[in-house]
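Here are my notes on this one, written as numbered points. Have the structure open while you read, and look for each spot as we get to it.

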Amino acid sequence: VVFATQTPYQRVSLMQRGSTVRLYLNGRLQFSSRDEYRYHEALVHPAMAALANPRRVLVLGGGDGLALRQILRYGSVESVTLVDLDAGVTDLFRSQPRLAVLNAGSLSDPRVKIVNTDAWRWLEERTTRGPGGEPFDAVFIDLPDPSTYGLGRLYTAPFYRLLSRHVAPHGLITTQATSPTVAREAFWCIVATLEAAGLRTAPYHSIVPSFGDWGFVIASREPYREPARMPEGLAFLTPEVLRTLFVFSPDIARLPVEANRLDSQQLVAYYDLGWRRERE
């Protein structure tokens, strides 16, 4: 253990073995520096590379700045708003030297605005303020898994409908969506919930060794089209690799599930079911 603290919201622990750094929040692994690039390249680039000139970007969660590091590869980006509840995490990853190296100093980039508040509250306040805030070209939801009702509310159709009001007509929303192998019902519930909010979906998944098979979903008003090119210097993602990520084998293919509603929070039950099976 190289660092541990209790913020008002969660227990933060940094572990290091050799050159590998791992972050745990409330005892749950969030990333390993050995392979986090696979997760963050898969989260960011399928959407960013598909947009002509993404200028304005919103990140919900992602207080470690690792997704932000990938977003800032695009020279067209003029501003990124990062909304993360826990100032303890964003401050740590901005000021701790070994962590700032991991995220390439992204949290200190002058194009980045950090807002430490609840994502739903921030969106509601932005809606209440009315015209004036330009819509976002890309949104990345890098929130923790829906393991509690407090987190599950940020994966509901009302939340997605609220969010979509702040996205440009051509814009793309990408969310992490837990493991389609371990929590198959939960993954497809997130897809169904985005569709219940009136959005088109393009689900995909990628192998991240520290986590196994991990799922993502792109949501949009217009059909998603895979990009023909990727930024130079990526360690994992190429256009050829990207095409394979949208293929699901029969054992993890879509199955009928309920959408996640505020009054049911069915997603939390699906998530618990999947990870309980994994432990048995």
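1. Start with H7 and helix H8 (residues 184–196): their axes come within 8 Å and cross at roughly 55 degrees. Axes here are lines fitted to C-alpha atoms, for helices over the stretch in contact, and angles run from 0 to 180 degrees between N-to-C directions. H7 and H8 are therefore oblique to each other (under 35 degrees counts as roughly parallel, over 145 as roughly antiparallel, 65 to 115 as roughly perpendicular, and the rest as oblique).

2. Before you go on, a word on the source: this is a predicted model, where local features need pLDDT of at least 70, side-chain atom pairs count only at pLDDT 80 or more, and totals for chains, interfaces and linings use all residues. Residues are numbered from 1 along each chain as its sequence is written, and side-chain values use heavy atoms, with hydrogens and water left out.

3. Now turn to H7 (residues 157–164) and its packing with helix H5 (residues 119–129): the angle is about 45 degrees and the axes are 10 Å apart. That makes H5 oblique to H7. H5 passes H7 in a left-handed crossing. Find Ala119, Trp120, Leu123, Glu124 and Thr127 in H5; they meet Pro158, Phe159, Leu162 and Leu163 in H7. This contact has seven nonpolar residues, one polar and one charged.

4. On to the pockets (a pocket is an open set of points on a 1 Å grid where a 1.4 Å probe fits, with protein on both sides within 12 Å along at least five of seven lines; lining residues have an atom within 4 Å of a point). The largest pocket holds about 1000 Å³ of space. Of its 38 lining residues, Leu25, Gln30, Leu143, Pro144 and Asp145 are the closest to its centre. E4 gives the most to this lining, with three residues.

5. The second largest pocket has a volume of about 160 Å³. Among the residues lining it are Ala50, His170, Glu222 and Arg225. Strand E9 (residues 167–176) supplies the largest share of this lining, three residues.

How values were computed: Points joined across faces, edges and corners; volume = space filled by probe spheres on them. Helix = DSSP H or I, 4+ residues; strand = E, 2+ residues; numbered from the N terminus. Left-handed = near helix turned anticlockwise from the far one by under 90°. Contact = heavy atoms within 4.5 Å. Nonpolar A, V, L, I, M, F, W, Y, C, P; charged D, E, K, R; others polar.
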